[in-house]
Amino acid sequence: MKIATTQVWVHDQEEALAFYTEKLGMEIRADVTLPEMGDFRWLTVSPPGQEDVAIVLMAIPGPPMMDEETTRQVEELMAKGYAGTVFLTTDDCRGDYEQLKSRGVEFTEMPEERPYGIDCGFRDPSGNSIRLTEVKLPASV
Amino acid sequence: MASVTPARHLLRAKDLADARYAEPLEVDDLARAAGLSKAHFSREFRRTFGESPYVYLLTRRLERAAALLRNTDYSVAQICLEVGLQSVGSFTTSFGRMYGMTPTEYRAAAPPASAHAVVPACIVRAYARPQHRTFREDSGSGRA
């Protein structure tokens, strides 16, 4: 078994796409709009060199797929920062921090030394938390 | 373009408390980060996150103080200042309310988490923040 795709909710796919590609430097893996599914848009991105794993930037659908109340709850959870975290790794946490900072990424934590390496944290425009770690020790899952 | 919900702005205030608790940060500063007036901000923050911004900031500071007690040899007075609190007396009292023991007793009782497992720092912060216990310094706005 392998992990192929995982998803984050986004409040706006265009804004999310600009963030994940232009600011984080990821590439589009799929961008397909399906008229027979009410213009559902399957939009995935992943880092250069990692073609076999991707993140779906999933619009919160609303009715009829998702009822009003649930839609509101998911929007709220996402904006409150509780809709999940994407954990990324890098070879150069401090370098990436400087680069992303200069592109206007909203950081929640500056790079710091931890027992497991150096990491920092930031948010996407929807409020999702993203962690960027330069791992020192062999990862223990 | 779809717009974010108001909670997204409140999240900026919460992130500010998490990032800059070590500075002399107050509820006014958090309100500014959310772009709201103080009274409106405190009400909305509490409605959204279930506790007042004052309590959130205080428990963040106490969580960080507890981590410094576990992981460093800093004095209690130094730790108090490190987490952005000014008075050692009220720090010790608040700490005692939340953790049920003095900072010194806590240090003696708690081995560092890193001795048990490699857990990302953001997880440590999220899960170790103490449950607030109502106290006069909370001006009656805390959860009972």
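The structure is a predicted model, in which local features need pLDDT of at least 70 and side-chain atom pairs count only at pLDDT 80 or more, whereas totals for chains, interfaces and linings use all residues. Residues are numbered from 1 along each chain as its sequence is written, chains are lettered from A and ligands numbered from 1 in the order in which they are written, and side-chain values use heavy atoms, with hydrogens and water left out.

In chain B, the axes of helix α2 (residues 27–34) and helix α3 (residues 38–49) come within 9 Å and cross at roughly 80°; helices (H or I, at least four residues) and strands (E, at least two) are DSSP runs, numbered from the N terminus, and axes are lines fitted to C-alpha atoms, for helices over the stretch in contact, with angles running from 0 to 180 degrees between N-to-C directions. The two helices, α2(B) and α3(B), are therefore roughly perpendicular to each other, a term that covers 65 to 115 degrees. Here B:V27, B:D28, B:L30, B:A31 and B:A34 of α2(B) meet B:K38, B:F41 and B:S42 of α3(B), contact meaning heavy atoms within 4.5 Å.

In chain A, four strands form an open sheet of mixed pairing in the order β5-β8-β7-β6, where strands pair if DSSP finds at least two bridges between them. Because β5 (85–89) and β6 (106–114) of chain A each have a single partner strand, they stand at the edges, and one side of each is left without a neighbour in the sheet. Strand β5(A) pairs with β8 (residues 129–135) of chain A in the parallel sense over five bridges, and A:T85 has A:S129 in β8(A) as its bridge partner. Helix α8 (residues 121–128) of chain B packs on this sheet, touching β5, β6 and β8 of chain A, and its direction makes about 110° with that of β6(A).

How values were computed: Parallel < 35°, antiparallel > 145°, perpendicular 65-115°, else oblique.
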